[in-house]
Amino acid sequence: MTDSSLLTQLELPGPKSRAAFDAEAAHLAPGTQSVALFSRLCIDRGEGAVLIDADGNRYTDLLAGVGVASLGYAHPKYVAAMSAQLARSHVGSFTTANRAALVKLIADLAPGDLNRTQLYSSGAEAVEAAVRLAKSHTGKTEVIGFWGGFHGKTGGVLPLLSGSFKHGLGPLMPGMYASPYAAVGRGPFGDDAATCTQRTLDFLRQKIALETTNDVAAIIVEPIQGTAGNIIPTPGFLAGLRALATELGALLIADEMITGFGRTGRMFAVEHDGLVPDILLCGKGFGGGFPMSGIIIRESVAFAKPWANPSGSSSSYGGNPLAAAAARVTIETILEEGLVEHSRALGAKLQAELASWQDELAIIRGVRGRGMMIGFDLVRPGTAKLLDKAACRWIFDTLLARGVLAMIYNPEVRINPPLVITEEQAMAALATMRDVLREAQDRAG
Ligand SMILES: Cc1ncc(COP(=O)(O)O)c(C=O)c1O
């Protein structure tokens with residue numbers, strides 16, 4: 001086994017990255033993603049699952065722009081399709097051959113009878129569009145989200161999240177609620193999967209009965225919670241939500257921005273539970289990095305007005321020629337290159353590798369995941385207490401200096417590499433991570 005501490009440790013950021021970062025920082029408003037602020041790298045380019053900074057340093061990317069770069073960087077098919085489209089037209093809502101092919105492809109791949117797609121530019125925008133459609137279809141007004149859920153930062157979705165994203169930003173849009181998510185060891189309902197599912201669903205029913213005006217238009221849920229730390233729900237929870245939504249005459253919206261299009265080893269994560277939502281949301285990896293999102297809808301729901309009126313569900317950039325080309329080539333490449341199967345097979349190996357460290361490394365606990373959406377917790381060795389942020393930051397910095405970029409600056413670690421990462425690249429990155437975690441454990445000691 002390689003001991004990565006004996007390998008080169010970069011001095012980061014390098015001089016060119018530092019100069020570019022500092023020049024930008026003089027005028028860039030605050031609030032950029034943590035990974036960019038912590039690393040202070042100026043990225044010059046990428047190749048597959050490798051990023052290369054302005055100083056020529058190379059990093060294996062276990063982050064993929066938070067699940068966005070599904071095809072990695074500079075994929076030849078992506079570059080060719082985007083370049084060809086850019087040379088023809090890039091603006092407007094007229095039909096293009098790419099968009100016609102894209103919506104057909106999505107209808108063929110989507111679960112059950114979801115067969116109508118509308119396209120947007122950001123995740124939050126698609127979530128808001130889905131909520132508007134749910135209100136149009138049901139004639140009802142209230143929406144339920146979940147603790148630990150994340151659906152973006154715009155005003156219409158903030159009340160659905162729990163936690164600090166909405167602190168200080170009130171008053172929030174009324175009629176929106178957040179209830180616990182059923183996951184073992186998280187939330188208020190215990191460590192036993194079966195009772196956790198039942199108690200969480202019972203609580204939700206009570207919440208609806210006691211707190212809402214009994215006018216629920218939609219329940220929105222991530223089939224695996226990404227931002228919370230790649231958290232898998234307990235068995236039966238999603239099915240319980242499906243049944244509850246139907247009973248209430250509400251729509252079930254599955255937010256698959258991260259989980260969709262192969263990330264979890266299935267085309268869509270709801271397939272793990274045999275679930276068909278009424279609306280499925282996609283974004284992030286959907287366009288392979290082009291700012292693009294979509295909402296995939298049942299035929300019987302899609303025509304509700306005013307959402308379905310001409311210009312009722314549209315936006316300036318949604319599904320424009322370049323966006324449609326991006327999503328089409330991304331999905332076709334995922335299919336052609338068997339990336340869903342690759343995500344499932346390699347993801348299982350990576351998860352097994354991480355799980356095998358738990359005996360030796362008391363700093364890691366709770367390895368979990370599906371496909372290439374993997375999580376674990378960093379804890380103070382010998383306790384159940386999450387590792388403090390300073391220690392996590394040391395791990396992030398040290399790992400980066402040894403050529404691996406990962407979302408390990410929080411104790412709820414998320415591993416979501418580009419779907420094109422090779423086994424060799426991924427296993428080498430994990431070997432380096434293991435060495436760094438061993439050193440972190442000794443330091444925490
Ligand atoms: C599940 C989920 N939904 C929605 C969003 C919001 O997407 P965007 O940042 O494109 O608005 C995110 C972003 O992280 C997400 O993870």
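1. Let me start with Met267, which sits in the loop between strand 8 (251–255) and strand 9 (279–282). Keep in mind that this is a predicted model. Despite its place in a loop, Met267 counts as buried because it has 20 C-beta neighbours inside 10 Å, and 20 is just what the cut-off asks for.

2. Who does Met267 touch, leaving aside its neighbours within four places in sequence? The contacts are Leu109, Phe261, Gly262 and Val340. Val340 is the one I'd look at on screen: 73 residues separate Met267 and Val340 along the chain, yet their C-alpha atoms are 6.3 Å apart.

3. Val340 leads us to helix 11, as it is among the buried residues of that helix. Helix 11 covers residues 339–356, 18 residues in total. From first C-alpha to last it reaches 25 Å, close to the 26 Å expected at 1.5 Å a residue.

4. Which residues of helix 11 are buried? Besides Val340, the list has Leu339, His342, Ser343, Leu346, Gly347, Leu350, Gln351 and Leu354. Looking down the helix axis, these buried residues fall within an arc of 145 degrees, so they line one face of helix 11. Ala352 and Ser356, on the other side, are exposed.

5. As for what that buried set packs against, there are helix 10 (321–336) and helix 13 (423–444), plus strand 11 (364–370), strand 12 (373–378) and strand 14 (412–415).

6. Now the domains. The protein is divided into domain 1, made of 4–62 and 339–444, and domain 2, which runs 76–336. Their C-alpha centres lie 27 Å apart. Across the boundary, 18 residues of domain 1 are in contact with 19 residues of domain 2.

7. Which element gives the largest share of the side of domain 1 that touches domain 2? Helix 11 does, with 5 residues. Helix 11, strand 11, strand 12 and strand 14 each supply at least two residues of that side. By class, this side of domain 1 has 6 nonpolar, 7 polar and 5 charged residues.

8. Last, the ligand. It is surrounded by 14 residues, and the closest are Ser122, Gly123, Ala124, Gly152 and Met257. Helix 6 (residues 123–138) provides the largest share of this shell, 3 residues. Sorted by class, the shell has 7 polar, 5 nonpolar and 2 charged residues.

Terms used
Residues numbered from 1 in each chain as written. Predicted model: local features only at pLDDT ≥ 70, side-chain atom pairs only at ≥ 80, totals over all residues. Near = placed C-beta within 6 Å. Helix = DSSP H or I, 4+ residues; strand = E, 2+ residues; numbered from the N terminus. Nonpolar A, V, L, I, M, F, W, Y, C, P; charged D, E, K, R; others polar. Expected span 1.5 Å × (residues − 1). Buried ≥ 20, exposed ≤ 12 C-beta atoms within 10 Å, placed from the backbone. Arc of directions from axis to C-beta. Contact = placed C-beta atoms within 7 Å. Domains from an automatic or database assignment.
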